[in-house]
Amino acid sequence: MKELHDALTTLSPVEWSDVPTDDLEHYVKSCFASAECIVNSVPPNAEGTPFHAATPSLSEPNTAKSHKDIVPAKCLPHPAHEDYEKLHKSWGKPYKFKQNPHNVNIFKMAGNDRHGALHSSKISGGPGAGAVRGIAADRRLERFDLPALSAKLEVYELSAAFPGPVTPRDFVAMIMSSDNALTEKSGVAVDGENYVPQHFMVLSKPVVHPDAPVRAGLVRGQYESIELIREIPLSTTKSTSTTRLLKTQGSGEITKDRDGLEKSDLNPVEWIMVTRSDPGGGIPRFLVERGTPESMLGDLPKFFDWACSLDEIPHPDDDVNEEDAVPTPGAETTPERAPSQSASSLHATVSPGSTSSGPAPSGEAQGGYLSGITNALGAGIEAYAPSAVSNAVLPHVNPEESLSDDESDTSSVDSFMSAEELRRAASVPEVGDPAQSTDNFSIMSGDHSEDAKSTKGMTQHEKEVHKLVKKREKLEQQLARKRLAEEQKLREAQEKEQSESGKAREKMERELKKTEEKHRKELERLEQKKAKEERKVEEKRTKKDEQYKMSLVTRERDEFRSQADLLRRENALLRDQVAELQKQNTGMTQRLGALGGPEALRGLDQASEGNQKATSIVVDSNLKLIYEAKVDFDAELKKYGIQKGVLTNPAEGEVFAPPAMWLEAIDLVLDRLRTAGLDFSHVKGLSGAGMQHGTVFWSHDAESLLANLNPEHSLENQLQSGEGGKSAFAHEMSPNWQDASTQEQCDAFDAALGDAETLALVTGSKAHHRFSGPQIMRYRTKWSSHYEKTARISLVSSFLASVFLGRFAPIDISDVTGMNLWNIKDEKWNDALLELAAGGTSGTDDLRNKLGVVSEDGGQWLGTISSYFVTKYGFAKDCQIIPATGDNPSTILALPLRASDAMVSLGTSTTFLMSTPEYKPDPAYHFMNHPTTPGLYMFMLCYKNGGLAREQIRDQLSTSSDWENFNSTALSTPALSQRSPSDSLRLGLYFPRPEIVPNLPSGQWRFKYNPETQNLEEESSDFLPDDARNIIESQFLSLRLRSQALVHAEKDPATGKTLPPQPRRVYLVGGGSANPAIAKIAGEVLGSVEGVYKLDIGGNACALGAAYKAVWACEKVEGQTFEDLIGNRWDESSFVKKVADGYKEGLFEQYGVAVKGFEQMEKAVMRANGRK
């Protein structure tokens, strides 16, 4: 159905400037292709002899003299191509008529563009039983011959003056015609060969042409049609009969070859027409549509009578000179003949005053472009308008019905004079003054006595001629008198008619107003009924939702009861072990610090915002956010037993999450986008961002399950426990970035290449608990049987891309640098590190295959989206999947950073990002490949303790979890708690969970630092209100300490003064970016020449960066970088708002002194905890 409506748009109006006149062949061919689809979608007759069993109805060509001699064909056409046959049902059932001697099928289909319904008719008859109806034209505006297509394209300006009260109409039509319009899909299988029947097609569509503006006094209408004449090739023998073969003689006349009758001369002819018209103005469309079927059926015998009256068909180019001549307004013209169409299309136009050989067609025989509209209008008024209105209006619309047979020809022709001819007729001189004419007659009569004298001396032949002249003068006098009398009658009748017409028009308007009011009330009643039904549906849905929620509550209650019993048993066991644990307190403190011991357990149930939610956003080409949807794991997916999006094993320091939960979240978030109104068929590309460092272990059945997903079922049901009990996962859990169980493996990685510095130089980072290399190494040893069943190891980002792609997706070029396995400078897997993770040389190749290739082009098209999402959600089949990347690389894409700009993500964790062309790795931070731009690197600092640490201090400050109290306390506390110049600086470390920068267990440490003596003295760990400011200072002092080598001196744009090294701008993103106290202290500690800015994207920087990545990948031109395309489209004013000042002289330097004490404090705490 959609294919048919798409094809019907070909008939829609078009601007002439939009027609590619420099490539018309492609344009016309495309139009004919759509027209071919439309005409072949019209259903065949329900009854008849099948094509392959049919024989001709006649034994010789039909020489019909009128429509009564036309023989309807009994055979059915060849079955349509399967692509067209499925469209037949779009037309429904044909109209039924009381009288239909030619067995015409007329269908109606509602338009999909709110511009009225379309009608189609289908006729089969003997040879010559079908043609395209004629069109009268004022002038031709364009003509293009297309020999390669055997076609031509013309633009005509048409007009017609209808009887009152209908205002004259004009039309501008672009007409394309060809005898080579059909393709092989319309071919007929005859004798084992595909034969395209002989045919002729005419396509007419409205066009807005600059040389044909709307004319004063005329209403612009529109007419759309496709008409096709096509043989039904019961025989494919080349025809040479008079019905097929026209030979052009040297004289230019068309003669007929009557020799060599072939079987193909008896082939039936099929005439298909699809049409829709809009007369414009105030005529309701339903009146036209109501009368169209009867009008189409009534035009058929009229056209056959006209066509049968023609002795010969003029060549289409005989009137080229006449067509090309555009009449000048006011110029005298002789309407000897109107422009005609192609002879092969059997177009003809008969205008007032034209003649033709053979019997002249009556006025009723005229049909086609303009009379069809009038007939349809008349039928509609007769059916719908009140009787008083129809009685008054119909005589004007169909004046010929009131005329005598002798007058019908003239009146019918006059009724459809073109507007241009009407103007010319008005310029003919009127008959002179009646009195003067009478005097002339008298004078002529008085001179009769002189005739005798004047005939003297004439021969007999001259006398006869003289008599004839006199007789002609007498007849002219009688004609003049008769004309005067008729004109007087006509004037009286017109005056009376105008008076009656005005009254009838007023009455009709009153009746129409009543009808419209009745229709409006009916619509209101239907709307009320619809609203009532919708309320019922909503009430049922609400009731069902409540039942479902109640079942969830019951299930959760039972689960909680089970968990409570388990916890009680665990508590009893722990109480028995307390005494033993106390004896080993000192040794266990160090061991548990390395493994993430009891102090770390308080934070293991927390997760970064990326672990807690699945977010999907949609942007357009201008980077405008148009749709957003979220799924909160804890609130909506509790059935997985998670807290803060993860599960924990405190005994081993493990933190992990089930991929099945992510699969369910994908279906949920897409369903919410659909509910919000997103049309997925408009989505051109899809990328993603996943939590960095997490690993997903696919089974050997995974790729088969991905490729054969059933849209009737969920992702989670099919991939977690697929058909036959198969699962897509070799291990049902994925290690989370908070995992702290790999200290032993991290030590091995740091030593593998010599030391941590060398590992950072090669891979961009020293070994970290969360990095995929150490995680894979531990997975291989702890879950060895699962490792053997693993076919592919994905990161969370490539896992996401694999689901949408329907097969394994490669790892992203930026995300791969967070694994401790990829050699950044050599751009390949490091063999020594693969050997370490695989457990020896023998397993290296196997691990390399499990990891797969790496997508080194961040804008690569991996392929089109899986059919699961096409069928279930309506994605376009050509929607491209772009490599997904990590959440941190994606965040940096949300803001086109410039040199010396810094981005700080203030979520549950804290992340510091900068983009730089210099590769300067260090064990204290991370260097990664830029996700889109080769040659650029991403400098990143990542802290586990961000928002959670601030929340912990907030809750200690006030039991009400009040941020306003926290902010006011922080801003009222002096910098570094130095209330006088002699006071020491108060510094602290606040880690509710084990930290990675620096590598420390969970805990809180507070110190006093004397800048003059550089003495560092540890304080009590008791809470003080000053901690509200000190924790914010602590987090930003750590950032300043580790980024100070990457910033440079900047000039103050206001004063021109050179400022100390600091960022040009600091951008804050994430949940904490909305806190004014954090923003103010960030500017004081980090500085920033231009100030501190908030990137306002709703806290979804990484999701927005992924969306920007998709836009760049889909719309970039060759060689265009991400920064170029996105930077040019990115509207800073829409996303960025300055929230705090930056550099403050004196205060910035004070924090510079504190940085030295802060570094000294970190080293002291690390030594005390046995860390390097």
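**Exercise 1. Is Asp667 buried or exposed, and what does its side chain meet?**

Step 1. With a relative accessible area of 9%, Asp667 is buried; the term buried means under 20% relative accessible area, exposed means over 50%, and partly exposed lies in between (1.4 Å probe, protein chains only). Before going on, please note that this is a predicted model, in which local features need pLDDT of at least 70 and side-chain atom pairs count only at pLDDT 80 or more, while totals for chains, interfaces and linings use all residues. Residues are numbered from 1 along each chain as its sequence is written, and side-chain values use heavy atoms, with hydrogens and water left out.

Step 2. Asp667 forms a salt bridge with Lys872, with the closest N and O atoms 4.0 Å apart. A salt bridge here is a side-chain nitrogen of Lys or Arg within 4 Å of a carboxyl oxygen of Asp or Glu.

Step 3. The two partners come from distant parts of the chain, 205 residues apart: Asp667 sits in helix H17 (residues 659–675) and Lys872 in helix H27 (residues 867–873). Helices (H or I, at least four residues) and strands (E, at least two) are DSSP runs, numbered from the N terminus.

Step 4. Lys872 is partly exposed, at 22% relative accessible area.

**Exercise 2. Which helices hold Glu1162 and Arg1042?**

Step 1. Look at the contact to begin with: the side chains of Glu1162 and Arg1042 meet in a salt bridge, 2.6 Å from N to O.

Step 2. Glu1162 belongs to helix H36 (residues 1147–1168) and Arg1042 to helix H31 (residues 1027–1043), so this pair ties together parts that are 120 residues apart in sequence.

Step 3. Now check the cover: Glu1162 is buried at 4% relative accessibility, and Arg1042 is buried at 11%.

Step 4. Elsewhere, salt bridges that share partners join Asp138, Arg139, Glu157, Asp170, Arg215 and Arg220 into one network. How many salt bridges does a search of the whole structure find? The search gives 51.

**Exercise 3. How many residues of strand E35 are buried, and which strand pairs with E35?**

Step 1. Seven of the seven residues of E35 (residues 985–991) are buried, so the strand is largely enclosed by the rest of the structure.

Step 2. Sort them by face: Leu985, Leu987, Leu989 and Phe991 lie on one side, with Arg986, Gly988 and Tyr990 on the other.

Step 3. E35 pairs with strand E36 (residues 1003–1010) in the antiparallel sense over seven bridges; strands count as paired if DSSP finds at least two bridges between them. Arg986 has Lys1008 of E36 as its bridge partner.

**Exercise 4. In what order do the strands of the open sheet with E17 run?**

Step 1. Three strands form this open sheet in the order E17-E18-E22, with antiparallel pairing.

Step 2. Strand E17 (647–649) and strand E22 (734–735) are the edge strands, each pairing on one side only.

Step 3. E17 and strand E18 (residues 654–657) pair over three bridges, and Thr648 has Val655 in E18 as its bridge partner.
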